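Visitor: Hi, I'm new to this one and would like to be walked through it. Could you start with a helix and work outwards from there?

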Amino acid sequence: MIPVVVRNVVTEALGVVRLVLGSEDGTDLPSFEAGAHIDIHLPSGLIRQYSLCRMQAEGQYYEIAVLKDPQSRGGSAEVHRLKIGDSLLISEPKNHFPLVDTQRHSVLIAGGIGVTPILPMAQELQKKGLSFEFHYCARSPETAAFSSALKNASFADKMHFHYSEVAGSSQMDVVNVLTPHSSNAELYICGPASFIDYVLLQAKMLGWPEDRLHREFFAAPATDENVSENTAFKVMIHSTGEVFDVESDQSIVEVLDNNGVFVAVSCESGVCGTCQTGVIGGVPDHRDVFLTNKEHAQGKLVMPCCSRSKTPVLELDL
Ligand code: FES
């Protein structure tokens, strides 16, 4: 873990605060690539993931931008209470949402605070001279973090702002945006779950291949009505042969923890990927949004913080 100090706190948009985090002694922080996030260990003990929202010229700073979400479980409100000089622990940058190494055109789509991992992608693509377009959907410029910086960025000609509550602007026409690129581009999207689900559904209907759709959720989507009722099952630890009961009201990580088997967790809602575990036997009942549909179908990985088992026993690569 890396100790950092809050070096600056800036109101970036309505309800959005941007924190500049610096190392304690002014030395450089570990480098990161576009799409990366860090875990922040908040003073209350909560651990939250936030995207590193701008590539920095100076390596001693990270920036995160956080929307105060009334639906949140306390993390965003606590971030909004942080002050200049506060000390925090953070993880090394991790990247589950990288730019794919390709020369294809990139369609970047951000919904609201979903701009945070998308902005450094635009910086990176611009720096490499690669082809891209950037669609930023928000209610208004006042609620859109970084809107004026983006308007004046070196890639301003690639920006498309879609404001739903501004006269003369309009919501993004998803079909119009996606149709010209269905066979020759990569799509990167971040934002509210329902927004991502809608855009990805349209992309699939327009023939975009699944492996060119890249997304990052901030929170797990509302529970699908079709998700089956929780039932009890057993987990087996491959390395020891131990078998534990997972009751219908318990998660796999809870049971493992109770029995001294450590699995790192962070979001505990299937979003971040921290708890990813290999599956040796059985069929997972996936409840996460981190793995792709293809990975769900393959059944070789599971997110034990939220997912369950379709078979009586799920054997884990632990
Ligand atoms: S802890 Fe985040 S996906 Fe499981």
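Guide: Let us begin with α2, a helix of 13 residues whose first and last C-alpha atoms are 18 Å apart, close to the 18 Å expected at 1.5 Å a residue. The expected span is 1.5 Å times one less than the number of residues, and helices (H or I, at least four residues) and strands (E, at least two) are DSSP runs, numbered from the N terminus. Please keep in mind that this is a predicted model, in which local features need pLDDT of at least 70 and side-chain atom pairs count only at pLDDT 80 or more, while totals for chains, interfaces and linings use all residues. Residues are numbered from 1 along each chain as its sequence is written.

Visitor: Which residues of α2 are buried?

Guide: They are V115, T116, P117, I118, L119, P120, M121, A122 and L125. A residue is called buried if 20 or more other C-beta atoms lie within 10 Å of its own, exposed if 12 or fewer, and partly exposed in between, with C-beta atoms placed from the backbone.

Visitor: And what covers them?

Guide: The cover over the buried residues of α2 includes β4, β5 (61–67), β7, β8, β10 and β11. Contact here requires that the C-beta atoms of two residues, placed from the backbone, lie within 7 Å. Helix α2, residues 115–127, lies across β7 (105–111), β8, β10 (185–191) and β11, and runs at about 155° to β7. Such angles run from 0 to 180 degrees between N-to-C directions, and the axes are lines fitted to C-alpha atoms, for helices over the stretch in contact. After the helix comes G129, which has a positive phi near 70°.

Visitor: What order do the strands of that open sheet take?

Guide: The order is β9-β8-β7-β10-β11, five strands with parallel pairing. Its edge strands, each pairing on one side only, are β9 (159–163) and β11 (213–217). On average, neighbouring strands of this sheet are turned by 15° against each other, direction ignored. Two strands count as paired if DSSP finds at least two bridges between them.

Visitor: How many bridges join β8 to β9?

Guide: Five bridges join these parallel strands, with β8 covering residues 132–138. Within that stretch, F134 stands opposite M159 in β9.

Visitor: Which other helix lies across β11?

Guide: Helix α5, residues 193–205, lies across β7, β10 and β11, running at about 170° to β11. Its buried residues are F195, I196, V199, L200 and A203. Seen down the axis of α5, these fall within an arc of 120°, so they line one face of the helix; the arc is that of the directions from the helix axis to the C-beta atoms. On the other side, S194, L201 and M205 are exposed. Among the elements that cover the buried residues of α5 are β7, α4 (174–178), β10 and β11, and just after the helix G207 takes a positive phi of about 95°.

Visitor: Switching topic, why is β4 largely enclosed?

Guide: Five of the five residues of β4, residues 47–51, are buried, so the rest of the structure largely encloses this strand. I47, Q49 and S51 point one way from β4, R48 and Y50 point the other way, and all are buried. Strand β4 pairs with β3 (residues 37–41) over five bridges in the antiparallel sense, and R48 in β4 is the bridge partner of I40. The two strands form a hairpin with five residues between them, and G45 in the turn has a positive phi of about 105°.

Visitor: What about A34, buried or exposed?

Guide: A34 is buried, having 23 other C-beta atoms within 10 Å, and its place is in the loop between β2 (16–23) and β3. Leaving aside neighbours within four places in sequence, A34 is in contact with M55, L99, P120, M121, Q123 and E124.
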